[in-house]
Amino acid sequence: PNMAEFVEQSLEELVPVFEQLQATQLLSEKEVNLLVKRCRRYDYRLQKSHKKPEDYLNYGEYLSDLLDLLDERRKSIGYNHKKEVIEYAIKRKGASVYRRLCERFQGKLDFWLQYIHFTSTRNMKAQTSKAFIQAMAMHPRSLDLRIKAAKWEWEENRSVENARRGLQLALRLHPESVRLWATLFAIELDYVSKLKKRRELLTEAKRGEKGEEEEDESITEPSTPAATDAVLQLRLAEIVMEQALETIGAAKKEEAEKGDGVRELLVLLWRACLTLDSSDTDAARLRATLEARMEALPEATMKWQLDVEKRLSEGENLVDALSTKDWSESPLDEKRWAMRLLKEKAEKDEDAVAQSKARELLLSIVSDAACTEDEYEEWARGVEEMEGEEQREVVERAVQRFSRRALFWRRALEAAGKGLEKEGVAAYADRINRAIEKAGDDEDTEEAVALFQLAIDTALEHCPSTVEKVFQSAIDSSVGAAHRSIKELRVTYLVSIIEGAEEDAEREKRWTGVEKQIKTLVERRPNSVSFYVHVGEKLLELAAFCPKTMVASIDRLIDTALSAAVAEHSDSDDAWIARCELLMARAPLKVADVYRRAILSLKGEAAESFIGRYTILQQAAAAKCC
C-alpha cells in the first residue's frame with residue numbers, strides 16, 4: 001500500500017468518532033470537517049520516509065487539546081454519554097502516536113516521559129504501566145524515571161508491591177542512590193498511614209459510627225496478623241532506614257562523600273516522617289531515632305539544617321527561619337540548600353519575598369570562586385541591569401573561567417559599556433572582537449546572536465565607519481542558526497539605510513549599493529526559507545514609500561529572492577506559499593504557473609499542507625476583492 005492508503009486506513013479507525021461528534025453536537029459540522037483535515041495532515045506527516053519527532057509530538061498535542069475541548073463542551077451542555085466511542089478512541093489514537101514516537105526514537109528519554117504523561121493524565125493505567133516498563137528497559141540507569149514509576153505505582157495505581165519491586169530492582173543497580181532509598185522509605189510510611197486510616201474506618205463501621213469518608217479498598221493488608229503488626233509498628237520502615245544508612249555509608253569511598261550522603265539521607269528520611277500523625281507513638285519513636293542520629297553528626301551544617309526543618313514543621317515562615325543566619329561566613333553547601341528551599345517556596349506560593357531572597361543568596365554563591373557554570377548562568381540570566389562593582393567582578397570571573405560562553409561575554413560587555421567615554425571606544429571594540437573570537441560559535445544561538453547584535457549596536461553608536469567591517473566579521477564568524485539570524489539583521493540594516501534618506505533622489509542613490517549587497521546575500525547559500533521570506537517582507541515594506549522609479553527594481557529583487565527560495569527548498573511548502581503570497585499581491589497572473597510547479601515538486605504531507613494553505617490564501621484574496 002502507498003502512503004495515501006496508509007493514511008486513509010488510519011483515518012477509518014476514527015470514522016465512528018467523527019460521526020458521533022457531529023451527532024451529539026459536541027462539535028459543529030464545520031469543526032468536524034476541520035478535525036478530519038487536520039488528522040489527515042498529521043497522518044501524512046507520520047508516513048513520510050524522513051520522520052521527525054515534531055510530527056509525532058504535534059499530533060499528540062493536538063489530540064490532547066481535542067480531549068480537553070470535548071471535556072469543556074460536555075460540562076457546558078451536561079452531556080456524558082458516548083464516551084467510549086469518542087474519548088476512549090481518541091485516547092487510544094494519542095497513545096498510539098506517542099508509542100510510535102518512542103519506538104522510533106528509543107534513546108530519547110524525554111519522549112518516553114511525554115508518552116507516560118499522556119497516558120497517566122488520561123487515566124490509561126494499563127498503558128501507563130506498560131510504558132514505564134518499556135521506558136525503564138531502554139533507560140535502566142535513569143533514577144528519575146524509576147522514582148517516577150514507583151510513585152505512580154503507589155499513588156495512582158495503588159500497588160505497594162509494584163512500587164517496592166521497582167525500587168528494589170533499581171537499588172540493585174544503584175545502591176548508592178540516596179533518592180531511591182528515601183523514596184522507598186516515604187512509600188512505606190505512606191502505606192502504613194493509609195493502612196491505619198483504613199483500620200480506623202473499619203472499626204468505626206463495626207460500631208455503627210462510620211464517618212463520611214469511604215474506606216479505601218485498594219489498600220491491601222499483609223497476609224498474616226504478625227506481618228500486619230510489624231508493618232503498622234513501622235518495623236518495616238525501620239529496616240529500610242537501617243539498610244539505607246548502612247549501604248550509603250559503605251557505598252561512598254571518600255570520607256567527605258560518605259558524610260554528605262548520610263547527612264542528605266537522614267534529612268530526607270526525617271522530612272518523610274513529618275507527614276505522619278504527630279500523635280502516633282510509632283511515628284514519634286521513628287522520628288526521635290532519626291533526630292538523635294542527626295544530632296550525633298559532628299557537622300554544624302547538619303544541626304543548623306535540622307533546626308530550620310523543625311521550625312518549618314512547627315509552622316514558621318521559611319524566610320523568617322533563615323533570617324538569623326550570617327551568610328557572609330556560611331559555606332557554599334548551606335547557601336545552596338537554603339536557596340533551593342527559597343526557590344521551591346517562590347515557585348509554589350508565588351512568593352516575591354522568597355524569590356528576592358533566593359536572588360540575594362545566588363549573588364553570594366557566584367561571588368565564591370568555587371561556584372559552578374550553571375550557577376553563573378542562572379545568575380547572569382536573572383540580572384536586569386549590570387550595576388555595582390560586585391556584579392562586574394562576578395561576570396568578569398565568569399568570562400575568565402568559561403570563555404566560550406556568549407552569555408557571560410555579553411553581560412560583561414554590557415557592564416563595561418556603561419558610561420563609555422570616547423577615548424575608551426577603541427579598547428571596548430577590541431574586547432568585543434575578542435569576545436566574538438572566543439564565543440561567536442556558542443551553541444546557545446540566542447546568546448551568540450545577542451553578542452553580535454551588541455557589536456553592531458556599538459559600532460553604530462560610536463564608530464559608524466566600522467559598521468560594514470563589523471557586519472562582515474559577524475557573517476564570517478557566526479555558524480548555524482546564528483549565521484542565518486545575522487544575515488537577516490544585515491538585510492534589516494541595509495533597508496534602514498534607504499529608509500533614513502529624506503529625499504527621493506537620495507533614496508535612489510543609496511538603493512544602487514543596497515540592492516547589490518542584498519543580492520549578494522541571497523546568492524550566498526545556503527539560506528533558510530525564513531531568510532528569503534524576511535528579504536521579501538522587508539523589501540515590500542520599502543516599496544510602500546519609495547519613489548515609483550525604484551519599485552520595478554525592488555520587485556525584481558523580491559522575485560529573485562523568492563525564486564531562490566523555491567529553487568533551494570523545492571520540498572518546502574513554506575517556500576512555495578511565500579512565493580504565491582507575494583504574487584497574489586503584485587502579479588496575480590503568474591500565480592497559476594507557480595501553483596503547478598509547486599504541485600509537481602511537493603510530495604505527500606508537504607503537498608497536502610501546501611494545498612490547504614493555498615486555499616486559505618485564495619479565500620483571503622477573494623474576500624478582499626469583495
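1. Let's start with a loop: Asn123 sits between helix H6 (109–121) and helix H7 (125–138). Helices here are DSSP runs of H or I with at least four residues, numbered from the N terminus. Phi of Asn123 is near 60 degrees, a positive value in a residue other than glycine. With 58% relative accessibility, Asn123 counts as exposed (exposed is over 50% relative accessible area, buried is under 20%, and partly exposed is in between, with a 1.4 Å probe and protein chains only).

2. A quick word on what you're looking at. This is a predicted model, where local features need pLDDT of at least 70 and side-chain atom pairs count only at pLDDT 80 or more, while totals for chains, interfaces and linings use all residues. Residues are numbered from 1 along each chain as its sequence is written, and side-chain values use heavy atoms, with hydrogens and water left out.

3. Most residues other than glycine have a negative phi, and most peptide bonds are trans. Lys82 is not a glycine, yet its phi is positive, at about 65 degrees. You'll find Lys82 in the loop between helix H4 (53–77) and helix H5 (87–104), and it is partly exposed, with a relative accessible area of 40%.

4. There's a cis peptide bond to check too: it joins Arg525 and Pro526, with omega at about 5 degrees. Pro526 belongs to the loop between helix H26 (504–523) and helix H27 (529–543).

5. Now for helix pairs. The axes of H9 (residues 160–173) and H10 (residues 178–206) come within 10 Å and cross at roughly 165 degrees (axes are lines fitted to C-alpha atoms, for helices over the stretch in contact, and angles run from 0 to 180 degrees between N-to-C directions). H9 and H10 are therefore roughly antiparallel to each other, a label for angles over 145 degrees. On the H9 side, the contact is made by Val160, Ala163, Arg164, Leu167, Ala170 and Leu171; H10 brings Leu180, Trp181, Thr183, Leu184, Ile187, Glu188 and Tyr191. Contact means heavy atoms within 4.5 Å. These residues divide into ten nonpolar, one polar and two charged (Ala, Val, Leu, Ile, Met, Phe, Trp, Tyr, Cys and Pro count as nonpolar, Asp, Glu, Lys and Arg as charged, and the others, Gly among them, as polar).

6. What angle do the axes of H24 (residues 467–477) and H25 (residues 480–499) make? They cross at roughly 155 degrees and come within 9 Å, which makes H24 roughly antiparallel to H25. H24 makes the contact with Val467, Glu468, Phe471, Ala474 and Ile475, and H25 with His483, Ile486, Leu489, Arg490 and Tyr493.

7. Helix H17 (residues 332–349) has 18 residues and reaches 26 Å from its first C-alpha to its last, close to the 26 Å expected at 1.5 Å a residue (the expected span is 1.5 Å times one less than the number of residues). Its buried residues are Leu332, Glu334, Lys335, Trp337, Ala338, Met339, Leu341, Leu342, Lys345 and Ala346. After H17 comes Glu350, whose phi is positive, near 50 degrees.

8. Not counting residues up to four places away in sequence, Glu375 touches Arg336, Leu362, Ile365 and Val366.

Technical notes. Helices (H or I, at least four residues) and strands (E, at least two) are DSSP runs, numbered from the N terminus. Angles under 35 degrees count as roughly parallel, over 145 as roughly antiparallel, 65 to 115 as roughly perpendicular and the rest as oblique.
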